[in-house]
Amino acid sequence: MDLGELNVTAAFGPQHGMRGDKQDNMVETEDALDPRHGIPVFSLYGKVRYPTDAMLDRFDVLLVDLQDIGTRIYTYVTTLAYLIDACAAAGKAIRVLDRPNPAGRPIEGSILEPGWESFVGAGPIMMRHGLTFGELARWIVDYRGHDIDLEVIAMDGYRPEVGPGFGWPVMELPWINPSPNAASLNMARCFPGTVLLEGTTLSEGRGTTVSLEVVGAPDIDFERVLARMRAEHADWTEGALIRPCWFEPTFHKHAGRLCSGLQIHTDHHGYRHDRFKPYRLIALLLKAVRSEYSDYPIWRDFPYEYETERLAIDLLSGCTVLREWVDDPEARPGDLELRLSADEAQWAETTAGLRLY
């Protein structure tokens with residue numbers, strides 16, 4: 001392809017590597033030299049996660065072409081924020097090639113609280129933020145007050161309100177994994193809720209072919225859990241098919257052990273995009289596990305995205321509210337609903353003027 005006077009001088013790779021090959025969290029990628037183009041490929045998930053001055057000196061305009069999946073904790077969002085901060089400070093321009101948000105327009109969850117920023121939380125962003133990557137870039141610039149040459153190259157014909165894709169143009173674009181465990185449109189829709197499982201001892205399906213579409217454990221009866229969920233707040237289980245299942249992870253949590261579990265299906269005729277609330281669904285599931293198995297060690301205490309002091313579940317939810325609600329035997333779904341609905345209304349108002357479609 002003839003690029004005229006355009007000179008490609010370097011490339012940058014986020015978590016999972018520029019080629020999307022790294023499997024798990026905290027699996028780093030080294031800098032490399034691209035054998036075809038002879039340019040350096042800098043890793044933004046290796047020795048550094050924030051671009052260095054030497055990296056910034058390689059270019060005048062940064063072209064961002066990343067497929068987000070619509071959830072705050074997906075680290076491409078944080079990498080985008082770091083790149084915007086660095087380019088603003090260095091006087092570099094950014095062009096974002098916008099892409100569909102496979103989770104669509106619905107907003108759900110809580111907004112990250114001050115003090116809970118991390119590599120899975122770049123700022124006070126809603127868990128299921130409802131924005132495209134280009135719109136999110138506009139929010140970052142606006143929130144941080146940057147004076148930067150940012151241009152979003154908008155999509156043509158993007159219709160996030162139209163089914164069956166509701167944001168992803170089904171049968172127009174193929175699904176290509178943006179990272180190894182983002183294996184389907186169904187995963188992207190479930191992810192704003194199922195990602196919370198990374199902060200628990202329950203399996204989120206890593207080591208299976210349906211990561212972040214299932215939940216399970218060898219010592220819990222999930223049919224019993226599902227019955228408790230429906231008895232406690234059936235509304236939060238609507239919109240998708242929740243199917244009892246069994247699976248055996250080949251690696252990661254509970255490797256080699258048969259797990260009772262549940263699989264979430266948004267890939268069938270009964271899916272209701274406006275009714276499906278994955279964050280509430282998984283919150284209710286955790287509450288049901290705590291209610292049915294009061295002494296079960298739900299919360300996983302381990303280094304998560306370079307954090308060693310704070311629990312992963314709190315980093316993921318962006319505060320302690322979810323964990324405290326699950327552990328409080330007196331707390332009911334309506335108590336959590338008050339917090340979530342207030343944050344969702346606030347985020348909707350904040351981002352209304354940033355939407356391009």
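Guide: Just after helix α2, G91 takes a positive phi of about 75°. Helices here are DSSP runs (H or I, at least four residues), numbered from the N terminus. This is a predicted model, in which local features need pLDDT of at least 70, side-chain atom pairs count only at pLDDT 80 or more, and totals for chains, interfaces and linings use all residues. Residues are numbered from 1 along each chain as its sequence is written, and side-chain values use heavy atoms, with hydrogens and water left out.

Visitor: How many of the 16 residues of α2 are buried?

Guide: Helix α2 covers residues 75–90. Buried means under 20% relative accessible area, with a 1.4 Å probe and protein chains only. Helix α2 is largely enclosed by the rest of the structure, because the number of its 16 residues that are buried is 13.

Visitor: Is R290 buried or exposed?

Guide: R290 lies in helix α6, residues 278–292. Its relative accessibility is 14%, so R290 counts as buried.

Visitor: Which residue has its backbone oxygen 2.8 Å from a polar atom of the R290 side chain?

Guide: The side chain of R290 also reaches the backbone oxygen of S294, at 3.3 Å. At 2.8 Å, the backbone oxygen belongs to Y296.

Visitor: Which residues does V225 touch, not counting those up to four places away in sequence?

Guide: V225 is among the residues with the most contacts inside the largest nonpolar core. Contact means heavy atoms within 4.5 Å. Leaving out residues up to four places away in sequence, V225 touches I220, L285, A288, V289 and Y293.

Technical notes. Helix = DSSP H or I, 4+ residues; strand = E, 2+ residues; numbered from the N terminus. Buried < 20%, exposed > 50% of the residue type's maximum accessible area, 1.4 Å probe, protein only. Polar contact = N/O pair within 3.5 Å; in protein donor to acceptor, adjacent residues only side chain to side chain. Core = buried A, V, L, I, M, F, W, Y, C linked by side-chain atoms within 4.5 Å. Expected span 1.5 Å × (residues − 1).
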